[in-house]
Amino acid sequence: MAPSFNTHRSSPFSPERPIPCPQTWFDPILKDRARSFPQIQLRYQTELQNFIQDTDGVTVDLVDQVTGRSQQIQAKYLVGCDGSDSLVRSLLGIQVRGQRHLDWSLNVYLRIPNFKYLHRTEPAFRYVFVGPEGTWSFLTMVDGKDLYRLQLIGVDKSALETADKHGAHRHGRGHYLRLHSKAP
Ligand SMILES: Cc1cc2nc3c(=O)[nH]c(=O)nc-3n(C[C@H](O)[C@H](O)[C@H](O)COP(=O)(O)OP(=O)(O)OC[C@H]3O[C@@H](n4cnc5c(N)ncnc54)[C@H](O)[C@@H]3O)c2cc1C
């Protein structure tokens, strides 16, 4: 068993210790901070589809994913924070070094009341499921109460596209998973 977060000491460089903070908590904090600057506009559900750079700056093509409306924006700079599959990076012709994808995984949020009574191990932040084939899943505490994230690793890419809302099959290695409940 790995040591509990409670036993982690702060390092000589920072009083901060590792503390889990799910994205569902962290993103609203980040959003409120961004909104506090009058010069920042947030546009959710908006996809960058292309951009052109010239001596005056950058012209960006955006599409509202809800209405389908296209829009062009001009800016001095464009910063690509669009993740591992970055369109900005590929439009700039920047190659990915190393292995493109290490793994595909499927994440399912589950509400499991009284989880601690359903197993015989100690309460933990994360449970790792290991079978004869190796590690096949993680169950990670999200809210410190009853919300968990089940991460099925080594999933076929097609399983990500066809995953249904009421259940998930463990693809490829023969595991079947029944979901007791699922967060929205
Ligand atoms: C299941 C899982 C668990 C993880 N757990 C941890 C953890 O515990 N601790 C940790 O440090 N890291 C963790 N990571 C890794 C961490 O999430 C990533 O390293 C981090 O999110 C990368 O941040 P990013 O801002 O570069 O990209 P992302 O978080 O991927 O953000 C990119 C954003 O750009 C948007 N986007 C992409 N293309 C476009 C486009 N064309 N137009 C508009 N928007 C676009 C995407 O929708 C997304 O919102 C985890 C990752 C996964 C998948």
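Which residues does Ser 70 touch, not counting residues up to four places away in sequence? Ser 70 touches Asp 61 and Val 63, where contact is defined as two C-beta atoms, placed from the backbone, lying within 7 Å. This is a predicted model, in which local features need pLDDT of at least 70 and side-chain atom pairs count only at pLDDT 80 or more, while totals for chains, interfaces and linings use all residues. Residues are numbered from 1 along each chain as its sequence is written.

**The three-stranded sheet**

- Strands here are DSSP runs of E with at least two residues, and helices are runs of H or I with at least four residues, both numbered from the N terminus.
- Strands of a sheet pair through backbone hydrogen bonds, either parallel or antiparallel, and two strands are counted as a pair if DSSP finds at least two bridges between them.
- Strand 2 (residues 57–64) runs antiparallel to strand 3 and is joined to it by six bridges, and Thr 59 has Gln 74 in strand 3 as its bridge partner.

**Ser 70 in its surroundings**

- Ser 70 has its place in strand 3, and because it has 11 C-beta neighbours inside 10 Å, Ser 70 counts as exposed.
- For this count, a residue is exposed if 12 or fewer other C-beta atoms, placed from the backbone, lie within 10 Å of its own, buried if there are 20 or more, and partly exposed in between.
- Ser 70 and Gln 49 are 21 residues apart along the chain, and their C-alpha atoms are separated by 9.6 Å.

- Another open sheet is formed by four strands in the order 4-7-6-5, and the pairing is antiparallel.
- Its edge strands are strand 4 (105–111) and strand 5 (126–131), each of which pairs on one side only.
- Strand 4 and strand 7 (residues 147–153) run antiparallel and are joined by seven bridges, and the bridge partner of Arg 111 in strand 7 is Leu 147.
- The largest nonpolar core has five residues, namely Leu 106, Tyr 148, Leu 150, Leu 152 and Val 155, where such a core is a set of buried Ala, Val, Leu, Ile, Met, Phe, Trp, Tyr and Cys residues joined through C-beta atoms within 7 Å.
- Strand 7 gives the most to this core, with three residues.
- Leaving aside neighbours within four places in sequence, the contacts of Tyr 148 include Leu 110, Phe 115 and Leu 139.

**Two loop residues with positive phi**

- Most residues other than glycine have a negative phi.
- Gln 45, although not a glycine, has a positive phi of about 55°; it lies in the loop between helix 1 (23–35) and strand 1, and is exposed, with 9 other C-beta atoms within 10 Å.
- Asn 114, also not a glycine, has a positive phi of about 55°; it lies in the loop between strand 4 and strand 5, and counts as exposed with 7 C-beta neighbours inside 10 Å.
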